[in-house]
Amino acid sequence: MNYDTIAAISTPMGEGAIAIVRLSGEEAVQIADRVFRSPNGKRLNEEKSHTIHYGHLIDPSSGETVEEVMVSLMKAPKTFTTEDVVEVNCHGGIVAVNRVLGLLLKEGARLAEPGEFTKRAFLNGRIDLSQSEAVMDLIRAKTDRAMNVALGQVEGKLSKLIGKLRLAIVETLAEVEVKIDYPEYDEVEEMTIPMMVEKSTWVKGEIDQLLKTSAQGKILREGLSTVIIGRPNVGKSSLLNSLVQENKAIVTDIAGTTRDIIEEYVNVRGVPLRLVDTAGIRETEDIVERIGVERSRQVLKEADLILLVLNNAEELTIEDRHLFEAVAGMDVIVVINKTDLPSKIDINEIKAIMNHEKIVSTSLLEDEGVEQLEEAIANLFFTGAVESEDLTYVSNARHIALLHQASSTIEDAINAAEAGIPIDMIQIDLTRTWEILGEIVGDTVQEGLINELFSRFCLGK
């Protein structure tokens, strides 16, 4: 499939040692060749594929030297896009990299759209849609575990499993076709129905197993939205600083110091947390603090995990009890802070409220108890078989939604078969399941969705 030649900056903008401008397309080598000059006088189109060459970029119209570069030459089809690809390594810096890009565009390349390089890899058949989406997950990974999950999907771990499930459905549909084509043979139906139920049940079991990993996979991909709440001056900002291991939040003895939402990402035992330090939730006449309190209440509704901080040196207050009511039914870890001070809090009452679970004592001033808190967070979301390296994690919200649909349609097929529904009606549900699974890897997906997905990629990827 032939496309025009595209170009884009593939490294972040800003100062750095090097930057990379990438070309891909039928004329990538020719465009680069028109502006590249090597000390040995050899042209790029004369060089072997997958080699790198030192030289300068020259503006043909003026003869001016634009930049000193290293040019990587990769010829089709053994490239990321399966097209000719040239990567120009130049000095990092906004001016230098823009001059290089501008020269390539002037010589006939078109500025790439966001994600267009990966889109071409998909359209040219090098990777499927689930692998394409995993490329961005790989770039955005915030922990080793998240990166390993994304890497597995880039390498086709999910794709192979989906392919295996779709093949099982196709084989089942083939048996159904035999029954439809030869209805006079009763023994065919007697063999077909049990076989169809057996294979469909296996497919549903595999889909449901994938869905079991979806909560953990989504956390690895997007991060666990973790909100730190509590009355003013109980140690919320100190807890944020301890987990981040940096003084991100101002800590004072004055109640109401934190007046707005503070967000930070942190890696806790392989679990990416999007930590949110909130303004102390209390009634206040201060207009600015009141706005912060309202924002705190809002993020509380959207949280995956609540760290409810209490003061060990004070008895539970009405405000504390209101906080317990506000987080009822949510995943909560109670952090009893300031254990270096004489204890006045009723631990037994808290255990009764929390059903004796998820309570951690800390002295953030003395840096005590933080490791136990990190362990409690990791155990809450990643325990038992879910941590197995052999599992295929599903982390993409689109994939999860499609798997739920597939599980539902194949369950309809199983129920219909067991209820004695005509076999050609069962075929409809099986075919729909096959199509839904195909949407995950891009075999049956619509062009509009493909364009929407790739538009979310960064420019140059």
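Angles between axes that are under 35 degrees count as roughly parallel, those over 145 as roughly antiparallel, those from 65 to 115 as roughly perpendicular, and the rest as oblique. The axes themselves are lines fitted to C-alpha atoms, for helices over the stretch in contact, and the angles run from 0 to 180 degrees between N-to-C directions. The structure discussed here is a predicted model, in which local features need pLDDT of at least 70 and side-chain atom pairs count only at pLDDT 80 or more, while totals for chains, interfaces and linings use all residues. Residues are numbered from 1 along each chain as its sequence is written, and side-chain values use heavy atoms, with hydrogens and water left out.

The protein contains 16 helices and 13 strands; helices (H or I, at least four residues) and strands (E, at least two) are DSSP runs, numbered from the N terminus. Of its 461 residues, 49% count as buried, where buried means under 20% relative accessible area, exposed over 50%, and partly exposed in between (1.4 Å probe, protein chains only). Among contacts (heavy atoms within 4.5 Å) with a separation of 6 or more, 68% join residues 24 or more positions apart.

An open sheet is built from seven strands in the order S3-S4-S5-S6-S2-S1-S7, with mixed pairing; two strands pair if DSSP finds at least two bridges between them. Strand S3 (36-37) and strand S7 (110-111) stand at the edges with a single partner strand each, so one side of each has no neighbour in the sheet. Further inside this order, strand S2 (residues 18-24) and strand S6 (residues 85-91) pair in the antiparallel sense over seven bridges. Within this pairing, Val-21 has Val-88 in S6 as its bridge partner. Helix H3 (residues 116-123) lies across S1 (6-9), S2 and S7, and runs at about 135° to S1.

Two other helices meet elsewhere in the chain. The axes of helix H4 (residues 129-140) and helix H15 (residues 423-441) come within 5 Å and cross at roughly 40°. H4 and H15 are therefore oblique to each other. Leu-129, Ser-130 and Glu-133 of H4 make the contact with Glu-439, Ile-440 and Val-441 of H15. These residues divide into three nonpolar, one polar and two charged; Ala, Val, Leu, Ile, Met, Phe, Trp, Tyr, Cys and Pro count as nonpolar, Asp, Glu, Lys and Arg as charged, and the others, Gly among them, as polar.

Helix H9 (residues 236-244) is mostly covered, with eight of its nine residues buried. The buried residues include Lys-236, Asn-241 and Val-244. Just after H9, Gln-245 adopts a positive phi of about 60°.
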